[in-house]
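Have a look at the sequence and the structure below, and take a moment to turn the model around. We will then walk through it together, one region at a time.

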Amino acid sequence: MSDTTIPASSAPRINLQVIGPLVALAVLVVAGALMNGNFLSAGNITNVLSRSAFIGIIAVGMTFVITSGGLDLSVGSMAAFIAGCMILVINYFADSLGQSWSLFGIGALAALVLGVVAGFVNGILITKVGIEAFIVTLGTMGIYRSLVTWIANGGTLSMDFELRTLFRPVYFEGIPLGFMTLTWPILLFAVIAIVGEIVMRHTAYGRHCAAIGSNEQVARYSAVKVDRVRMMTYVILGLLVGLATILYVPRLGSASPSTGVLWELEAIAAVIIGGTMLKGGFGRVWGTVTGVVILSLIDNLLNLTEFVSPYLNGAIQGVIIILAVVLQRQKKAER
Amino acid sequence: MSGTPVLELVHVSRSFGPVEVLHDLNFALVPGRVHALIGENGAGKSTAMKILCGYLEPTEGEVRLDGAPAHFRTAQEAEARGIAMIHQEFNLAEQLSVEENMFLGREKRKGWRLLNKAEMQAEAGALLRQLGMVADVRTRISDLSVSDKQMVEIGKALLRKVRVLVMDEPTAVLTNREASVLFDQIARLKAEGVAILYTSHKLDEIARIADDVTVLRDGNVVVHGVVGEFDEDRMARDMVGRDLKNLFPETHDPGTAKVLEIRNLSVPGRVFDLSFDLKKGEVLGLAGLVGAGRTEAMEGLMGLRPATADVQVNGKAVVIRDMADAVAAGLGYLTEDRKGRGLILGQSLTPNLTLLALKKFVRRLIDKKAEEKAMDEAIQTFDIRAPSRQVAVKNLSGGNQQKLLLAKTMLGEPEIVIIDEPTRGIDIGTKQQIYQFIRKLADEGKSVIVVSSEMAEIIGLSDRVVVMRHGRKAGELARNEITEDAVVRLAMGLDGQEYAA
């Protein structure tokens with residue numbers, strides 16, 4: 001304790017918290033390959049990654065929300081509501097604009113604007129009105145779910161058949177890369193994950209999120225604009241939900257009251273599995289990406305193999321999220 | 001020393017990994033005597049106390065209770081055998097009432113399972129009145145002042161019929177008057193045959209209430225004896241290992257240019273129409289009793305609380321709505337609550353250092369090399385000592401945390417530095433460093449406001465003193481008028497005259 005110079009870094013040690021999610025991912029890949037020969041085929045990998053892109057894009061935003069000590073339960077129903085509205089907008093302009101990409105552009109714009117507005121509403125209620133994030137987003141979760149049921153009149157909102165055919169490539173096609181296709185969803189997910197990781201790790205904004213999640217008072221006393229930073233986490237998340245919806249709509253061309261059910265569970269689970277602290281103060285985007293892929297692989301394995309019914313996927317995700325938090329707790333206690 | 005010891009440490013050593021923090025400590029607590037354990041932060045006091053109370057096991061040596069080896073696996077076990085500890089950080093359930101806290105886990109029942117509230121309230125009330133506390137026992141803890149919370153902690157321990165009471169800096173958060181109530185209670189407990197271990201950085205207290213003194217330095221016992229053999233100078237010398245003749249640096253005359261003019265600063269319910277000026281190169285002491293509104297006034301000025309005021313910096317009016325505005329106007333504020341509001345305890349040194357002035361390190365992304373360089377400079381300038389930069393700030397001693405907080409505040413390059421309780425809970429060696437640093441700031445032409453409850457600090461540091469009472473300015477003392485008597489008279493309102501601001 002008496003030396004005046006402080007070493008910049010102690011000897012590097014293998015940190016279980018860092019490699020844990022990666023080890024889990026590796027184990028899953030090996031297990032999957034052994035159980036089903038089709039598991040590692042180009043088609044299956046493309047399929048798994050494309051499907052994980054929706055949750056993945058949302059989970060990147062969720063990482064910022066949770067790191068700054070918040071939570072958003074409304075993302076699943078928000079996605080369903082935005083999807084419903086996007087389809088309504090596209091159908092409304094279908095006659096005047098015809099079957100064109102500008103029609104899709106208008107729908108996409110509507111989705112992004114709605115996402116930002118929805119995030120803003122959550123953010124205002126949490127930061128300015130001062131209601132618990134849990135309660136606010138539980139409330140908006142119910143509101144959006146009910147709204148989408150209402151605009152769909154309890155049934156399904158669909159795009160016209162020709163439009164569906166036209167827009168399908170947004171989800172299913174992309175840039176060919178060797179033996180597989182880098183679909184647009186995968187590409188977009190990758191870009192957002194990389195940007196997210198840089199923002200979290202290398203910008204003042206990411207540092208401020210972690211500071212607020214660790215101790216809001218310290219952040220305030222350090223001249224951090226706490227309300228603005230927290231508000232932005234919800235707005236960013238809303239924007240990303242809108243973006244995920246833009247990719248989702250062309251896949252099925254429809255939205256229904258059951259769209260996006262339990263997405264919030266999956267997104268939050270991915271964030272926690274990735275090593276972000278549930279109570280805030282520490283977050284890492286690459287961990288979230290790992291978590292998303294882990295969850296998708298489990299889902300995929302359940303579909304490919306016959307050990308466990310795929311209907312139990314939600315239950316398995318529930319168990320995983322609880323386990324991940326238990327593991328976080330123990331790590332904390334050891335320190 | 002006389003009497004049979006009730007609790008003893010015999011050849012106790014304790015290591016954390018390769019680091020030995022206590023070496024061969026022998027030490028006995030005798031019924032009816034107060035044993036003071038003193039030393040700088042990091043000397044091993046806390047470790048010794050934790051071993052005594054069952055929070056930690058010794059690596060070598062043993063704990064003896066009534067002469068027989070005792071192994072407390074948990075603090076509860078130690079408590080069941082009559083050993084209680086009063087922590088610096090309170091162990092109280094904030095949302096429960098005073099009475100509910102005092103009887104938590106040992107509630108009195110009547111009939112089948114119902115609580116006997118009346119009896120518990122009566123017993124708690126009687127005990128607390130002896131301690132000089134006036135608050136109702138049905139008050140929620142969160143509504144109590146810090147000193148009242150301390151009294152509840154003490155009351156809780158007394159209720160458990162303790163034989164050994166370990167007190168970790170109990171007066172750090174008390175006013176002089178509250179402290180003297182505490183000393184009366186300690187005298188009463190002594191008379192009842194309780195053995196007391198007492199730690200404090202306030203050496204005058206030790207001289208006043210202790211019977212035996214043990215001085216620790218770097219985990220070793222430096223000296224041990226009855227209190228009569230020590231005066232305050234010797235205690236300080238033994239703790240630090242060098243002479244501390246000039247605790248306070250020499251003052252110089254400040255300039256005459258006004259850098260800060262505050263008019264009618266009001267914080268609803270706490271501060272009323274406070275007005276004063278600050279000159280370039282001046283150290284201004286802000287004195288008053290706990291609760292006089294000093295911290296509230298400064299936090300109001302910094303935009304950390306809702307407040308109204310006309311503020312001029314260097315003759316120009318500024319509007320401060322939040323801390324960022326204050327920093328932009330050239331103000332810096334070092335909070336009195338370094339653990340709750342000053343530092344992120346779970347993070348390492350560098351992110352804590354740069355949080356306030358992070359903008360300086362951002363090109364497009366954060367320049368981590370520049371951050372590390374700033375850390376190097378801070379370690380040099382402020383003599384921050386830590387085992388490594390990667391350790392969480394919570395593992396630093398209070399003194400090093402305070403130096404880090406100072407470094408963080410100064411990184412914002414303030415012209416006007418407000419330091420709230422600069423040396424609370426800090427050992428005397430570090431205190432001296434911080435005093436010299438404050439003086440150096442003033443000599444370099446910066447202006448400093450020191451908010452302090454320690455009279456010696458106010459008198460030793462200030463070029464001028466503003467005294468507050470009940471949220472208002474009670475008076476102002478120039479350099480040659482600053483005496484303990486004058487400050488106290490203003491703080492307590494004894495002169496019967498209040499400045500109409």
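**A walk from core to sheet**

Leu240(A) touches Ile57(A), Ile58(A), Val60(A), Gly61(A) and Ile192(A), leaving aside residues up to four places away in sequence; here, touching means that the C-beta atoms, placed from the backbone, lie within 7 Å. Before going on, note that this is a predicted model, where local features need pLDDT of at least 70, side-chain atom pairs count only at pLDDT 80 or more, and totals for chains, interfaces and linings use all residues. Residues are numbered from 1 along each chain as its sequence is written, while chains are lettered from A and ligands numbered from 1 in the order in which they are written.

Leu240(A) belongs to the largest nonpolar core, which has 172 residues; together with Ile58(A), Leu240(A) touches the most other members. Such a core is a set of buried Ala, Val, Leu, Ile, Met, Phe, Trp, Tyr and Cys residues joined through C-beta atoms within 7 Å. A residue is buried if 20 or more other C-beta atoms lie within 10 Å of its own, exposed if 12 or fewer, and partly exposed in between. Helix α10 of chain A (residues 226-252) gives this core its largest share, 16 residues. Helices (H or I, at least four residues) and strands (E, at least two) are DSSP runs, numbered from the N terminus. A second, separate core of 64 residues includes Leu7(B), Val98(B), Met102(B) and Ala210(B).

Now move to helix α1 of chain B, residues 45-52. Of its 8 residues, 6 are buried, so this helix is largely enclosed by the rest of the structure. The buried ones are Lys45(B), Ser46(B), Thr47(B), Ala48(B), Ile51(B) and Leu52(B). After α1(B) comes Gly54(B), with a positive phi near 85 degrees.

Further along chain B, 4 strands form an open antiparallel sheet in the order β14-β13-β16-β17. Strands β14 (271-279) and β17 (316-318) of chain B stand at the edges with a single partner strand each, so one side of each has no neighbour in the sheet. Two strands pair if DSSP finds at least two bridges between them. β13(B), residues 258-267, pairs with β14(B) over 6 bridges, and Lys258(B) has Lys279(B) as its bridge partner in β14(B). Lying across β13, β14 and β16 of chain B is helix α9 (residues 294-301), which runs at about 110 degrees to β13(B). Such angles run from 0 to 180 degrees between N-to-C directions, with axes fitted to C-alpha atoms, for helices over the stretch in contact.

Terms used
Two residues are in contact if their C-beta atoms, placed from the backbone, lie within 7 Å.
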